[in-house]
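Take a look at the structure, then read on.

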Protein chains: 2
Amino acid sequence: MHTAATNQLVLYDTTLRDGAQGEDIHFSLSDKLRIAKRLDEFGIAYIEGGWPGSNPKDFSFFSQVKSLNLKQAKIAAFGSTRKAKLSVEEDQQIRLLLEAQSPVVTIVGKSWLLHVFEVLKTSEEENLAMIRDSVQFLKSHGREVIFDAEHFFDGYKSNKDYALQCIKEAEEAGADFIVLCDTNGGSLPWEIGQITSEVCSSCKVPIGIHTHNDGELAVANALWAIKAGARQVQGTINGYGERTGNCNLISVIANLELKMGQKVLPDGKLKELRELSLFVDEIANVRPNPKAPFVGRSAFAHKGGTHVNALQKLLRSYEHIDPALVGNHRRILVGELSGKSNIVLKAKELGIALEENNPNIQRVLNKIKELEAKGYEFESAEASFALLLRKILAPYPSFFHLMEYHVSIRQLPSKNYKVCEATIKISIHGERVYTVAEGDGPVHALDRALREALVKFYPEIGQLRLEDYKVRIIDSTEGTASSIRVWVESTDGKEIWSTVGVSHDIVEASWLALFDSIEYWLLKKTENG
Amino acid sequence: MHTAATNQLVLYDTTLRDGAQGEDIHFSLSDKLRIAKRLDEFGIAYIEGGWPGSNPKDFSFFSQVKSLNLKQAKIAAFGSTRKAKLSVEEDQQIRLLLEAQSPVVTIVGKSWLLHVFEVLKTSEEENLAMIRDSVQFLKSHGREVIFDAEHFFDGYKSNKDYALQCIKEAEEAGADFIVLCDTNGGSLPWEIGQITSEVCSSCKVPIGIHTHNDGELAVANALWAIKAGARQVQGTINGYGERTGNCNLISVIANLELKMGQKVLPDGKLKELRELSLFVDEIANVRPNPKAPFVGRSAFAHKGGTHVNALQKLLRSYEHIDPALVGNHRRILVGELSGKSNIVLKAKELGIALEENNPNIQRVLNKIKELEAKGYEFESAEASFALLLRKILAPYPSFFHLMEYHVSIRQLPSKNYKVCEATIKISIHGERVYTVAEGDGPVHALDRALREALVKFYPEIGQLRLEDYKVRIIDSTEGTASSIRVWVESTDGKEIWSTVGVSHDIVEASWLALFDSIEYWLLKKTENG
């Protein structure tokens, strides 16, 4: 008698366990609880919370997650089959799995003889007994048991009979799901498809799929297994995970719902996909991948002139789906190839209604052309572009004027002495403000001096943070005297915006980008109340 | 008569054209030339250089690339079929394609009726004539012609007969390759496989595949098409490209050579895969993706306790391939694994004979580890790496000592006054030299002051030129106070070399890279007489 419904395809999230193995991922206990809550609200059926036997933080998760009163998700505790030559009752790790008191327990076991011999250093028979004993024991304690067959595809390719015997053992012991794992991520989609199909036809228990992205094929491998009959798909939000990451559930969900007609989410949830992706990145302190399929900032960004032109004639001519379906939106990038239509579309995005024959459009185009000739690029500096549009199409009063800045950098290696200092003089609201600050470098010092000058008038400036900063030499044939483009990404904790500055002098270019960033923030702040 | 060999699978790189459509990608002309040279050395068969009809920079590429005397790659110019209702001879864009004088011309044309009607606003017959005329015209001028069938899979799904008619038209007009494009990136692998297989069986001309990553399936889609009979695969290095990017050639190559037994590179080149990936990222000023399959810094990084433990028993238990095959290496996130043989090879390149058991190798490895932890990258800064090796393995006397530098930058926008000045104090050959210079920015001023100080002792320093200069923020979570890596490329008119410097202060980082560059040049000069 299997606890799980056998016909419905279910999502199994392992962001909190396998995802946390990613090199750059470090979750605190409260991070894990917040993510579990969000995944539950989103409609993920299974949430793997951690390995209670591996560390106290994971163990605490299972007691604390109960107080969240999740709406629908089942929490799974992860562990492994019992140790070789030890009774299951005596295995400390299995005991902790029970003590986690989760409704679901997922245990990983070997199905590749190479690993049985070389890693477990045990026999074929003992490994089978380890699988059987562990599944039976957990079932006898009323758990829904999921058996993850580690390295299943490698095992199957090297010894099909033994690999099948391992999962038969789990099935007969009462496992509710058997999950085929491409642990090393090296299998090709057609291998996954064929093997999954063979397994599905020889097992009664529902089959799941767990893939990794080592060949850049994790999503395809998972989809192929589902097509071949798998009823559970394991993965992580945004593809977090060891090495190159696990299968990205975000892309799997979108492909299933929008391309394969397989409903896996409650009604109305798909349009929260982008929000979920950003939420988890935010908690994990990972910079969102702008190129992330479906949900990335650039996923529906159009730069090529021919594409933009075609989009005006046929809205979705260069889009595989309507971006709104996954909570994303189209972006028209303004650059070298822009024409009037780009400007009109862009102004509309910014809430400025504009007719194609408005003479100011030509003024905007001339200004862009002039600035691009100097080395500006607006494709990835939308805030600077918005300010440029506003200045011509809907002018606003300036917030402050720079009167003077001075930067001094002195280094005496022999005396191990180094100082970088900036002074800044601005006029603001009729006052003259003069400040000085030290910094790690000229831009840092200047940034600090400017904030110091503004904080009296705009105390919230403390929320403003520089997220990223890039420098690019434009015409590289003149070496250090070439033009320099500085790109800055800023945030106030809610929104992210990018600005750009160009000059022969890196300090001035940085200053211009910083200035735009602060002006954009001030404009937004004053206009939104 | 088809110019292209029909049995061999060939790689077609479009990093410089479709890749340049990526939101964050901005190539200068010299960037494009450098990448073309590297791709040729690596063994890519076709290099698409740009769209001569779209901008002057792309047009110049085709004249300048000739002087590179590429070893084996064929350069392709990209364009589209002629305009509707215009003779092919009168079409300016087609004329520029011929004027580019590339051996190969790739033209994109419609194969989806929706686009014919709604975007081109023309008829079924006229679109077929546009394909036929354009291919015939370019063939009659002796070009190898590749026909990119845009939106082929969408077109095929909506009107199979018309889509096939489009490519038949190109075939009969003499096209050497017909490339099926999943332009919107929305197709599933099994659709791509089935349709490609049907097309291959109905055409004599070899078929190519061009995919995009909108569904996170670009690599799988390309591999599936190859399995179904495609003989050309188009993509970009690191998957650059519009929206979510093009098919990543790096992963395609590795999967083909290591998983599918399809040789696509000259002997010995596969192990340069990681180096190529980093090289292109560096030129494009794109932060390398640590999770990039095969070549990423984390691709063979092991964090999980059980994995690390298993690795000790069985070296490749959690790796799908030997990382050395693609020039990558294993990283154990606790403890360290040596690359002694790499150092021996590198030293040999520099003319330093070294035994594997030389204790200085460990000192070199420790130093690299220490510097990499600070943010240094030596893959693309071989001169700095050579100096590092020399300092430990074959020390040389230093040429001069920096005693002090001071940079001052003052700007008064209201008075239109701006000055940037650097003073520098060095000791050289027992003398103390003190110089001052102005510059366009702090690095320029410092560079000029240093040259001024050295010119009396090394008059040939006038030949030294900075070719390129790039700045990258390493840890971007602290904004302007993050570490900064400066990469500099220099030349004396004969040789080109690259150096690197890292600091919290951009001026100091630049100074370190400049210093290495000059020291490398002085060392070379004194040792070669």
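## A first look at chain A

Chain A contains 17 helices and 16 strands. Keep in mind that this is a predicted model. Along its principal axes, the C-alpha trace spans about 80 × 65 × 50 Å. The chain has 529 residues, and buried ones make up 54% of them. Now for its contacts: looking at those with a separation of 6 or more, 67% are between residues 24 or more positions apart.

How is chain A divided into domains? The table gives the bounds.

| Domain of chain A | Residues |
|---|---|
| domain 1 | 10-266 |
| domain 2 | 301-390 |
| domain 3 | 400-457 |

Taken over C-alpha atoms, the centres of domain 1 and domain 2 of chain A are separated by 45 Å.

There's also a label from a record. An unreviewed UniProt entry annotates residues 9-274 of chain A as "domain: Pyruvate carboxyltransferase". That span is 42% helix and 17% strand, and its end C-alpha atoms are 22 Å apart.

## Zooming in on one helix

Let's pick out α11, which runs over residues 273-284 of chain A. Its twelve residues reach 17 Å from the first C-alpha to the last, close to the 16 Å expected at 1.5 Å a residue. Which residues of α11(A) are buried? They are A:Leu273, A:Arg274, A:Leu276, A:Ser277, A:Val280 and A:Ala284. Seen down the axis of α11(A), these buried residues fall within an arc of 165°, so they line one face of the helix.

And what do the buried residues of α11(A) pack against? Their partners are two helices of chain A, α1 (29-42) and α10 (249-258).

## A lysine to finish

Our last stop is A:Lys160, found in helix α7 (residues 160-172) of chain A. Is A:Lys160 buried or exposed? A:Lys160 has 12 C-beta neighbours inside 10 Å, so it counts as exposed.

How far apart are A:Lys160 and A:Ala394 in sequence and in space? In sequence they are 234 residues apart, and from C-alpha to C-alpha the gap in space is 70 Å.

Methods: Residues are numbered from 1 along each chain as its sequence is written. Chains are lettered from A and ligands numbered from 1 in the order in which they are written. This is a predicted model: local features need pLDDT of at least 70, side-chain atom pairs count only at pLDDT 80 or more; totals for chains, interfaces and linings use all residues. UniProt positions are given in the numbering used here, feature names are shortened, and annotations may be inferred rather than shown by experiment. Helices (H or I, at least four residues) and strands (E, at least two) are DSSP runs, numbered from the N terminus. A residue is buried if 20 or more other C-beta atoms lie within 10 Å of its own, exposed if 12 or fewer, and partly exposed in between; C-beta atoms are placed from the backbone. Two residues are in contact if their C-beta atoms, placed from the backbone, lie within 7 Å. Domain bounds come from an automatic or database domain assignment. The expected span of a helix is 1.5 Å times one less than its number of residues. The arc is that of the directions from the helix axis to the C-beta atoms.
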